[in-house]
Amino acid sequence: MTAPATMRVIEAAGAGGPEVLRSGQRPTAVAQPDQVLIKVAFAGVNGPDLMQRRGLYPPPEGASDLLGLEIAGEVVASGANTKRWRPGDRVCALTNGGGYAEYCAVVESHCMPVPTGLGLAEAASLPEAYFTVWSNIFMTARLAAGETFLVHGGAGGLGTAAIQLGKVFGARVVATDHPAERVATCTALGADRALDYETEDFVEVVRQEFGGADVTLDIVGGPYIQRNIKASRHDGRIVQLAFALGAKVQLDVMPVMLKRLHYTGSTLRSRSDAFKSEVARQLEAQVWPLFADGRLKPVVGTTLPLAEAAEAHRLMERAGHRGKIVLQA
């Protein structure tokens, strides 16, 4: 397959709400020596896309200004220094941007095979969430079998991956969400305890029923920051990955010292290519086989055409969806 000279893309006409997203045409992306060019079948929609659209998360130097951090599709060209992927191969990939387009150039070692038994829409929903959860919860926080793992926003893209990974690797998982339908999703994915944060206090549930959380994944921030500290057991690890309710709070850090807590966070996009390649290697070896045998399942809640990217963003901002939202190119 030969790529055309131009490709359809979704561009942002400045920073703002979903209405700034519009369809456009650009010269087709070109694979650099260490990259492959992928004909995008589906692209995942993620929180960082919304932040970039608002002007709060600029792409790193040299990356595409287009949104889109994960894709799945078919390789159509390979750079001179690539070794593994060749035209015709079906892959899913973590990108530095550019996923909201017909074609996307990606570092070869950030691509992985489509897991056995999955379609391209399901595969496109995996990289951003699984790279993020694996690198933060397993590589950094070192969640271990038998520990208690508190997951906020359990029915969302990160949450559905986190619940399943926690369970499959032997942790006890407590998940929070709202409303009841999203709580039920957490239970269906295997959470040992799922609770509606509007009607139950997760701090009391975690402390009374599990003795505290060993590892916490938080995307809420704001008042949850102090509450996560209170819910943690001694030597607990808290991982902050987003701040839906704000990043600036007045904080009593005495419990951090008394409990010997570790409080950390990260953004995946700014990590080095070498780090992302190592995450991809570990995922392919330790996690991808679990999709083939059914122990892990992608959760794709909504699929929309690429041209309806603005509607996908509106849906995600309403926070009523379950699982991942993907765009069909």
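1. Let's start at Phe202, which sits in helix α6, residues 202–210. This is a predicted model, so keep that in mind throughout. Buried or exposed, then, for Phe202? With a relative accessible area of 0%, Phe202 is buried. Setting aside neighbours within four places in sequence, its contacts are Leu150, His152, Thr176, Leu195, Tyr224, Arg227, Asn228 and Ala231.

2. Now the whole chain. The protein chain has eleven helices and 15 strands. Its radius of gyration is 20 Å, close to the 20 Å that the globule rule gives for 329 residues, so the chain is as compact as a globular protein of that length. Along the principal axes, the C-alpha atoms fill a box of roughly 60 × 40 × 35 Å.

3. How much of the chain is buried? The figure is 53% of the 329 residues. The exposed surface comes to about 13,700 Å², and carbon and sulfur atoms supply 53% of that area. On the contact side, take the pairs of residues at least 6 apart in sequence: 67% of those contacts join residues at least 24 apart.

4. A quick word on charge. There are 33 positive and 34 negative side chains in the protein chain. The centres of the two sets lie 2 Å apart.

5. Have a look at the peptide bond between His178 and Pro179, which is cis, with omega at about 5 degrees.

6. Two arginines have a positive phi, so to speak, on the list of backbone things to check. Phi of Arg142 is near 55 degrees, in a residue other than glycine. With a relative accessible area of 45%, Arg260 is partly exposed.

7. On to the aromatics: the structure holds seven aromatic pairs. In one of them, the ring centres of Trp134 and Phe138 are 4.8 Å apart and their planes are at 20 degrees, so the pair is stacked. How far apart are Trp134 and Phe138 in helix α3? They are four residues apart, which puts about one helical turn between them. Trp134 counts as buried at 4% relative accessibility, and Phe138 counts as buried at 12%. Tyr130, Trp288 and Phe291 form one aromatic cluster.

8. Leu126 is in the loop between α2 (120–124) and α3, and at 1% relative accessibility it counts as buried. Which residues does Leu126 contact, leaving aside its neighbours within four places in sequence? They are Glu70, Pro115, Leu118, Phe131, Trp288, Phe291 and Pro298. Trp288 and Phe291 are the cluster residues in question. Leu126 and Ala93 are 33 residues apart in sequence, and their C-alpha atoms are 8.7 Å apart in space.

9. Last stop, Val75 in strand β4, residues 70–78. Glu70, one of the contacts of Leu126, is within the span of this strand too. Val75 counts as buried, at 0% relative accessibility. Not counting residues up to four places away in sequence, Val75 touches Val36, Leu37, Ile38, Trp85, Arg86, Pro87, Gly88, Asp89 and Val91. Val40 is 35 residues from Val75 along the chain, with 8.8 Å between the two C-alpha atoms.

Methods. Residues are numbered from 1 along each chain as its sequence is written. This is a predicted model: local features need pLDDT of at least 70, side-chain atom pairs count only at pLDDT 80 or more; totals for chains, interfaces and linings use all residues. Side-chain values use heavy atoms; hydrogens and water are left out. Helices (H or I, at least four residues) and strands (E, at least two) are DSSP runs, numbered from the N terminus. The radius of gyration is taken over C-alpha atoms; the globule rule is 2.2 Å times the number of residues to the power 0.38. Buried means under 20% relative accessible area, exposed over 50%, partly exposed in between (1.4 Å probe, protein chains only). Contact means heavy atoms within 4.5 Å. Accessible areas come from the Shrake-Rupley method with a 1.4 Å probe; for residues, only the protein chains shown count as cover. Lys and Arg count as positive and Asp and Glu as negative; His and the chain ends are not counted. The place of a charge is taken as NZ of Lys, CZ of Arg, CG of Asp or CD of Glu. Rings of Phe, Tyr and Trp (its six-membered ring) pair if their centres lie within 6.5 Å; planes under 30 degrees apart count as stacked, over 60 as edge-to-face and the rest as tilted.
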